[in-house]
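This note sets out points for a colleague who is meeting the structure for the first time. Please read the points with the sequence and the structure at hand.

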Amino acid sequence: MIIHSDETADIPTPSGMMRMHVFRPAIAGRFPGIVLFSEIYQVTAPIRRLAAMMAGQGYVVAVPEVYHEYEPAGTVLAYDKPGTDRGNFLKFEKPVAGYDHDARAALDWLAANPHCTASLATMGVCLGGHLAFRAALDPRVRAAVCFYATDIHSATLGQGKCDDTLARVGEMRGEALMVWGRQDPHVPFEGRQMIRAAMEKAGTCYEWHEFNAQHAFLRDEGHRFDAALFLQCMGMARDFLARTLHVSA
């Protein structure tokens, strides 16, 4: 499916204007919406390609700049040590309430978008996997696709490194697709088990997949990229969203 991939929307949040990058089918019609949360580097080329892939399957995809309070609109952090250090610093500098306000604003905008059916999902990788999971505590979210979500098990997201995401998992009304790399040092076996146990205790509806892969195995730049696994995971996400959002597969 041909898409539009050069649109942006600057939307208000309690902490200032937030730029979202919008990817959507070029054909006429209304489509389910996905808020796609990036890793710590914001809207990089790999994130744009991921958004384009999802949009091309019949979704309106909105990708917010997660550090809009701290960086000028359009800022992309590099995949190098200074970029990593800055992204990690901001991950813990930003209050959890700021992440929550941003997610709510993004969902509000997407639900009201004339190209969207208001059938909503979240998706994310790394930091964005956690943000997608947390955003799915909003009852409007019918599905969450979370790849190697960091800091959920340790409850260390945001300022003060003391989030309540896992404690609130019982609020999730939609279904979650959780995907992990077994060689990911950021989410060890014990952490993954903690998350799964909490989801079981809460009665969460979910799918759980673990692969022999490293952290960031979906990022199509760098030595950790697994192309075969990327394609497999995109197929899983496509089927999951088609089922949960009632889109023809």
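1. Arg192 is a buried residue, with a relative accessible area of 3%. In this predicted model, Arg192 belongs to helix α5, which spans residues 189-202. Neighbours within four places in sequence aside, the contacts of Arg192 are Trp180, Gly181, Arg182, Val187, Trp208 and Glu210. Arg192 counts as buried because its 3% relative accessible area falls under the 20% limit.

2. Helix α4 deserves attention as a whole. Nine of its nine residues are buried, so α4 is largely enclosed by the rest of the structure. The buried residues concerned are Leu127, Gly128, Gly129, His130, Leu131, Ala132, Phe133, Arg134 and Ala135.

3. The structure holds one cavity of 30 Å³ or more, and the largest cavity contains about 80 Å³ of space. Helices α3 (96-112) and α4 (127-135) each supply at least two of the lining residues, and the largest share, four residues, comes from α3. By class, the lining of this cavity comprises eight nonpolar, no polar and three charged residues.

4. The second largest pocket holds about 160 Å³ of space.

5. What is the volume of the largest pocket? The value is about 220 Å³. Of the 14 residues that line the largest pocket, Ile40, Asn88, Cys126, His186 and His215 lie nearest its centre. This lining has three nonpolar, six polar and five charged residues.

6. In soluble globular proteins, nonpolar side chains tend to be buried together. The largest nonpolar core has 49 residues, and the members that touch the most others are Phe37, Phe133, Met178, Ile195 and Met199. The largest share of this core, six residues, is supplied by α3. Apart from this core lies another, of 36 residues, which includes Ile34, Leu50, Cys126 and Phe217.

7. When neighbours within four places in sequence are left aside, Met178 is in contact with Phe133, Cys146, Ile195 and Met199, among others. Glu207, Trp208 and His209 are also contacts of Met178. Of these contacts, Trp208 is likewise in contact with Arg192.

8. How many disulfides does the structure hold? The count is zero. Cys126 takes part in no disulfide, and the nearest cysteine sulfur, that of Cys146, is 12 Å away. Cys126 is buried, at a relative accessible area of 11%. The sulfur of Cys205 is 13 Å from the closest cysteine sulfur, in Cys146, which is too far for a bond. Cys205 counts as partly exposed, at 44% relative accessibility.

9. Most residues other than glycine have a negative phi. Tyr148, although not a glycine, has a positive phi of about 35 degrees. Tyr148 is found in the loop between β6 (141-147) and β7 (175-181), and its relative accessibility of 1% makes it count as buried.

10. The loop between β8 (205-211) and α6 (227-244) contains Ala216. Is Ala216 buried or exposed? Ala216 is buried, with a relative accessible area of 3%.

How values were computed:
Residues are numbered from 1 along each chain as its sequence is written. This is a predicted model: local features need pLDDT of at least 70, side-chain atom pairs count only at pLDDT 80 or more; totals for chains, interfaces and linings use all residues. Side-chain values use heavy atoms; hydrogens and water are left out. On a 1 Å grid over the protein atoms alone, a cavity is a set of points where a 1.4 Å probe fits but cannot get out, and a pocket is an open set with protein on both sides within 12 Å along at least five of seven lines; lining residues have an atom within 4 Å of a point. Grid points are joined across faces, edges and corners, and a volume is the space filled by probe spheres set on the points. Ala, Val, Leu, Ile, Met, Phe, Trp, Tyr, Cys and Pro count as nonpolar, Asp, Glu, Lys and Arg as charged, and the others, Gly among them, as polar. A nonpolar core is a set of buried Ala, Val, Leu, Ile, Met, Phe, Trp, Tyr and Cys residues joined through side-chain atoms within 4.5 Å. Buried means under 20% relative accessible area, exposed over 50%, partly exposed in between (1.4 Å probe, protein chains only). Contact means heavy atoms within 4.5 Å. A disulfide is a pair of cysteine sulfur atoms within 2.5 Å.
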